[in-house]
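Reader: I have a structure to go through. Could you walk me through its packing, one point at a time?

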Protein chains: 2
Amino acid sequence: MISKVGKYEFLAEPFHCDMEGRLFMGHLGNHLINAADFHSNDRGFGMTYLMPRKLAWVLSRLVIEMDEMPQAYDRFTVETWVESAMRFFTNRNFRITNVADNRVIGYGKSVWAMINTETRQPVDLLKVRDGELLNYVETEENCPIARPSRVTMSAEAQEVETISTHYCDVDMNGHINSIKYIEHVLDLWSLDFYRAHSIKRFEIAYVAETHCGDKLSFLREETAPNEYCVRIMKLPADGSVAQESCRCKVIFVEK
Amino acid sequence: MISKVGKYEFLAEPFHCDMEGRLFMGHLGNHLINAADFHSNDRGFGMTYLMPRKLAWVLSRLVIEMDEMPQAYDRFTVETWVESAMRFFTNRNFRITNVADNRVIGYGKSVWAMINTETRQPVDLLKVRDGELLNYVETEENCPIARPSRVTMSAEAQEVETISTHYCDVDMNGHINSIKYIEHVLDLWSLDFYRAHSIKRFEIAYVAETHCGDKLSFLREETAPNEYCVRIMKLPADGSVAQESCRCKVIFVEK
């Protein structure tokens, strides 16, 4: 049997790096999701197996915590494994290592559900391929960062931005791409702020899908020094009532 | 000596694909620019050689013409070579091939200048490493698409969108990322339009750099059936006069 931990190498592409030559958090998130996808495809429960069966993984939560972001041209690996699996959710962890000096530079945690793509209803993921996923649960590996937290915001949160969504925001499922939310959230801070701060931890909970043409409204609150919560509300194009789409927490450190 | 033509393999990553599972033109453009960067780094006149010497390549024009866009999970190669080099400009071509059936699916052409990153002035690129670039000019390879055209627009062009620029738009040079312009331009059409049309040819001329905080205004004109020209004007954050930033031409075909 193939190993429980998958390991994939990526390059911090120069045009995926910010003004200081560090990989954008959104692109790192994309690499993590790719690693998850490669890992599950290689083990027979990935998108290529699920799609013809009208099934799909849905990312429910993602948290990334970094000691250091890869710099332009750095090669890094993403290791990923399934930490646990229940009927309607599975926990998947990530470890990010700089290849040049084999140094662990960060970790990630994620929670996934499975849905039927026609009914949009949750599916018992332990029944897929007779519970093949359970054969890959790995409990020995360590992922020493806090689990996704409960993002609680007060009525004090201020609406700081409203944006429209467009063609390039939409993924293969016809929804706003999970990574695009991360980029839109990080765009709420100024370049000057990023000159003085690095992102230590980014977490996002996906609550409801949005579609092209929906507007997204961003409410932000500083809940502790250098800790911000952001709620994304969708304002549907059809004029129906506003609804929570995502909740995020971003923890910065001063440089 | 290393070969004149560089060949690099890429994957059409699932989260880089549009609602129909075809690679976004912006991500393809990024792969082309990466291939150009890898090719020039491998031959001693790339960003890693230039940066410590306060020199940089600047993309001046890019045109991509596709018979077919890679689909999600397709592997494709980008071959690239220098077609010609003059003192202040070099022409670089691209050929895109689907790996599975070794079929050429598109081509690209580009024009690059070199600047001194401190003075922002053009540099004689034939003097870099005693004209090393000239040793790599390749005239035998074929790139059978039209050169970048002169994008001419009438006074009829309508302003169709104005957007703000943010942290995730900015590249390592502190300017708006070349690829982000492509995405912003393609966002001018609706999902319904893309359901009925594919992009046959995309071309962009970069006229003036923009900075984070500048607003971008998009003027569009349909210059022939399914052929559109787009002019991007920058509205600088410091209130100075609006200035042309890019000109694009997009040719669609009906599906």
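Reader: Which residues of helix 1 of chain A meet helix 3 of chain A?
Author: This is a predicted model. On the helix 3 side of chain A, the partners are A:Ser178, A:Ile179, A:Ile182, A:Glu183 and A:Leu186. The contact residues of the two helices divide into 5 nonpolar, 4 polar and 1 charged. From helix 1 of chain A come A:Met25, A:Gly26, A:Gly29, A:Asn30 and A:Ile33.

Reader: Are helix 1 of chain A and helix 3 of chain A roughly parallel or roughly antiparallel?
Author: Their axes come within 9 Å. They cross at roughly 160°. Angles over 145 degrees count as roughly antiparallel. That crossing therefore makes helix 1 of chain A, relative to helix 3 of chain A, roughly antiparallel.

Reader: Is the crossing of helix 1 of chain B and helix 3 of chain B left-handed or right-handed?
Author: In chain B, the axes of these helices come within 9 Å and cross at roughly 160°. The two are therefore roughly antiparallel. The crossing of helix 1 of chain B and helix 3 of chain B is right-handed.

Reader: How do the residues of the contact of helix 1 of chain B with helix 3 of chain B divide?
Author: Helix 1 of chain B brings B:Met25, B:Gly26, B:Gly29, B:Asn30 and B:Ile33. Helix 3 of chain B brings B:Ser178, B:Ile179, B:Ile182, B:Glu183 and B:Leu186. The division is 5 nonpolar, 4 polar and 1 charged.

Reader: Which helix supplies the largest share of the side of chain A that touches chain B?
Author: The contact takes 33 residues from chain A and 33 residues from chain B. On chain A, helices 1 (25–42), 2 (47–50), 3 (178–186) and 4 (191–196) each supply at least two residues. The side of chain A divides into 19 nonpolar, 8 polar and 6 charged residues. The largest share is 5 residues, from helix 1 of chain A.

Reader: What ipTM does the model score?
Author: Chain A averages a pLDDT of 95. In chain A, 100% of the residues score at least 70. The model has a pTM of 0.96 and an ipTM of 0.94.

Notes:
Residues numbered from 1 in each chain as written. Chains lettered and ligands numbered in written order. Predicted model: local features only at pLDDT ≥ 70, side-chain atom pairs only at ≥ 80, totals over all residues. Contact = placed C-beta atoms within 7 Å. Helix = DSSP H or I, 4+ residues; strand = E, 2+ residues; numbered from the N terminus. Nonpolar A, V, L, I, M, F, W, Y, C, P; charged D, E, K, R; others polar. pLDDT = per-residue confidence, 0-100. Axes fitted to C-alpha atoms, helices over the stretch in contact; angles between N-to-C directions. Parallel < 35°, antiparallel > 145°, perpendicular 65-115°, else oblique. Left-handed = near helix turned anticlockwise from the far one by under 90°.
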